Amino acid sequence: MKEKIIKKATDMFLKLGFKSVTMDDIACEMCISKKTIYKYFSNKEKLIEEGTEVVHQKIHTLMDEVVAKNYNAIQENFEMRKMFKEMFQSFDHSPAFQLKKHYPEIYEKMMANEIEDCNTMFTQNIVKGIQQGLYRPETDVEAATKFYYTLIFSINENTLLEKDAFILEGKALEYHTRAIASPKGIIELEKQLSNLNI
């Protein structure tokens, strides 16, 4: 029952907003009493906290699946972007923006986890790209990683609409790739960008 509540509540939070969904709304949607929800969660914040953790785990499982397909480094980033679009396309408002605005403590905790994970993933992607000759060998991996996740997180936490965030993230990905790509990498980047426009 706890898992069902988390799943339903998280879906509602992401679609309708963390602030506007009440415990009554969740109980009503699930045809259970509010008392049942409070049996598992002392308050709405606890439910949001556990819900964001579930979303975090789901994102990382999907990211691992993309990495396991062994694309080249540049295509891998574009496949990740596609995966995020499929995951968040039904939301009007950026979940990160809402969480930061209404539940800053939960947001801070989530961001600390995300930065650590993204740091690892972006670093691995850059190292892989250098080995494949798609990124320049003299690339400062640590700085490039930091620049990229700072850009991505800044877009998400400051952009109200999910669709606007998605467009800006695409520009950030192109910007990041152009900054570190070798001539061979630029050819691959152009290929990925032309596939987007088909």
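Asparagine 156 counts as buried because its relative accessibility is 15%, where buried means under 20% relative accessible area, exposed means over 50% and partly exposed lies in between, computed with a 1.4 Å probe and with protein chains only. Asparagine 156 belongs to helix 8, residues 141-158, helices being DSSP runs of H or I with at least four residues, strands being runs of E with at least two, and both being numbered from the N terminus. Leaving out residues up to four places away in sequence, asparagine 156 touches Ser94, Ala96, Phe97, Ala165 and Glu169, a contact being heavy atoms within 4.5 Å.

The model is predicted, so that local features need pLDDT of at least 70 and side-chain atom pairs count only at pLDDT 80 or more, while totals for chains, interfaces and linings use all residues. Residues are numbered from 1 along each chain as its sequence is written, and side-chain values use heavy atoms, with hydrogens and water left out.

The protein chain has 10 helices and 0 strands, and its C-alpha atoms fill a box of roughly 60 × 35 × 30 Å along the principal axes. Of the 198 residues in the protein chain, 44% are buried. Among contacts between residues at least 6 apart in sequence, 70% join residues at least 24 apart.

In soluble globular proteins, nonpolar side chains tend to be buried together. The largest nonpolar core here holds 54 residues, of which Phe13, Phe18, Ile26, Ile37, Leu47, Ile48 and Leu99 touch the most other members; such a core is a set of buried Ala, Val, Leu, Ile, Met, Phe, Trp, Tyr and Cys residues joined through side-chain atoms within 4.5 Å. Helix 7 supplies the largest share of this core, with 8 residues. Isoleucine 48, not counting residues up to four places away in sequence, touches Phe13, Phe18, Leu99, Tyr103 and Ile106.

How do helix 6 and helix 7 cross? The axes of helix 6 (residues 95-102) and helix 7 (residues 104-131) come within 5 Å and cross at roughly 130°, where axes are lines fitted to C-alpha atoms, for helices over the stretch in contact, and angles run from 0 to 180 degrees between N-to-C directions. The two helices are therefore oblique to each other, since angles under 35 degrees count as roughly parallel, over 145 as roughly antiparallel, 65 to 115 as roughly perpendicular and the rest as oblique. Ala96, Leu99, Lys100, Lys101 and His102 of helix 6 meet Pro104, Ile106, Tyr107 and Met110 of helix 7.

Helix 7 also packs with helix 5 (residues 73-88), at an angle of about 145° and with the axes 8 Å apart. This contact joins Ala73, Glu76, Asn77 and Met80 of helix 5 to Met121, Asn125, Lys128 and Gly129 of helix 7. Asparagine 113, also in helix 7, counts as partly exposed because its relative accessibility is 31%. Apart from neighbours within four places in sequence, asparagine 113 is in contact with Glu53 and His56.

Most residues other than glycine have a negative phi.
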